Each structure stands twice: as structure tokens, then as C-alpha cells.
Amino acid sequence: MPGREVLPSTLRRSPEKAQRTWEKTHDSAVQTYGEGERAHRAAFAAVKHSFEKVGDHWEAKGRKGPSDRQAEGGGPARRAPTAGGVDANATKDHLMQVAKKLDVPGRSRMTKPELVKAIEKANNRATRKARGD
């Protein structure tokens with residue numbers, strides 16, 4: 001199935017470059033692995049190297065590279081929890097800016113891991129709202 005047809009809603013609300021990254025990687029992964037979860041994981045991994053999830057969409061990161069521990073090691077043999085699109089490898093200052101943009105309460109007293117979890121939670125809430133769930 002072409003990537004455009006299965007493009008997640010969060011990517012539909014994102015920049016064209018993020019959509020193209022998903023589509024090209026997804027379509028290539030489908031040829032290699034077949035349609036399914038593995039192709040979707042590969043496509044999201046490619047998106048996460050250049051974009052981070054902010055609210056109900058993806059925004060370009062200031063730097064390219066892995067966004068969390070799973071993306072650093074990757075592969076089907078090593079399944080570490082992901083940060084759900086949050087750039088967990090970003091600086092605390094950057095995470096504070098994202099948390100402020102998402103109006104995360106109590107952010108000034110949070111540690112970096114707490115900020116990552118709070119941003120992920122705010123992102124999930126924004127995505128549910130955008131989908132009408």
C-alpha cells in the first residue's frame with residue numbers, strides 16, 4: 001500500500017518534507033519487509049531523525065539524529081521504549097521551550113525525564129483532540 005494512503009493523521013498536519021520522508025521510507029520498507037508494523041516503524045524512525053512531535057503534528061528538529069534510546073540502538077532485536085516522537089536527546093532548555101508551547105503545567109520544576117514524559121502526554125492529548133477521540 002503506498003505511503004500516501006496510510007499516512008498517519010499527525011503527519012497529515014505536518015510539513016510536506018515530513019510527509020515525503022514517511023512516504024518514501026514506508027514504500028521502500030514495504031518492498032523489503034511487506035506491509036505492516038515493521039514498515040510503519042521504519043517510516044517513523046526516519047521521520048524522528050529530522051522531526052519531533054509537538055502537539056498533534058511534527059516539526060523540524062534543530063539537528064538531525066536519533067530522538068531517543070530506541071532510535072540510537074534500534075533494530076527488531078532490541079526493543080526499548082520510545083519517547084513517542086519527543087526528542088528525548090534534546091537539551092533541557094529545548095524541552096522546556098516545547099513544554100511551554102504545549103502549556104505543560106509545572107514544567108519549571110521538572111527534570112529532563114519528567115519533561116519528556118509530560119510532553120509525550122501533552123502530545124497524545126493534542127492528537128486525540130485533533131482526531132476527535
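Is leucine 7 buried or exposed? Leucine 7 is buried, at a relative accessible area of 3%, where buried means under 20%, exposed over 50% and partly exposed in between (1.4 Å probe, protein chains only). This is a predicted model, so to speak of local features takes pLDDT of at least 70 and side-chain atom pairs count only at pLDDT 80 or more, while totals for chains, interfaces and linings use all residues. Residues are numbered from 1 along each chain as its sequence is written, and side-chain values use heavy atoms, with hydrogens and water left out.

**View 1. The whole chain, to get your bearings.** The protein chain has six helices and two strands, taking helices (H or I, at least four residues) and strands (E, at least two) as DSSP runs numbered from the N terminus. Follow the sequence and you get α-α-α-β-β-α-α-α. Of its 133 residues, 38% count as buried. The chain exposes about 7,600 Å², with carbon and sulfur atoms supplying 51% of that; areas come from the Shrake-Rupley method with a 1.4 Å probe, and for residues only the protein chains shown count as cover.

**View 2. Leucine 7, in the segment before H1.** Setting aside neighbours within four places in sequence, leucine 7 is in contact with Arg12, Gln19, Trp22 and Glu23, contact meaning heavy atoms within 4.5 Å. Histidine 40 sits 33 residues away in sequence, with 9.5 Å between its C-alpha and that of leucine 7.

**View 3. Helix H3 and what covers it.** H3 (residues 37-50) has 14 residues and runs 21 Å from its first C-alpha to its last, close to the 20 Å expected at 1.5 Å a residue; that expected span is 1.5 Å times one less than the number of residues. Ala39, Ala43, Val47, Lys48 and Ser50 are its buried residues. Their cover includes helix H1 (9-12), helix H2 (16-33), strand S1 (51-54) and strand S2 (57-60).

**View 4. Alanine 29 in helix H2.** At 5% relative accessibility, alanine 29 counts as buried. Not counting residues up to four places away in sequence, alanine 29 touches Gly34, Ala39 and Ala42. From alanine 29 to alanine 42 is 13 residues along the sequence and 6.7 Å in space, C-alpha to C-alpha.

**View 5. Serine 67, in the loop between S2 and helix H4 (69-73).** Beyond four places in sequence, serine 67 touches Lys48, Lys61, Val86, Asp87, Ala88 and Asn89. The C-alpha of asparagine 89, 22 residues apart along the chain, is 5.5 Å from that of serine 67.

**View 6. Aspartate 103, in the loop between helix H5 (92-101) and H6.** Look at the backbone here: phi is near 55 degrees, a positive value in a residue other than glycine. Most residues other than glycine have a negative phi. Aspartate 103 counts as exposed, at 58% relative accessibility.

**View 7. The second largest pocket.** This pocket holds about 270 Å³ of space. Of its eleven lining residues, Thr82, Ala83, Ala88, Val116 and Lys117 are the closest to its centre. On a 1 Å grid over the protein atoms alone, a pocket is an open set of points where a 1.4 Å probe fits, with protein on both sides within 12 Å along at least five of seven lines, and lining residues have an atom within 4 Å of a point. Helix H6 (residues 112-131) gives the most to the lining, with five residues.

Technical notes. Grid points are joined across faces, edges and corners, and a volume is the space filled by probe spheres set on the points.
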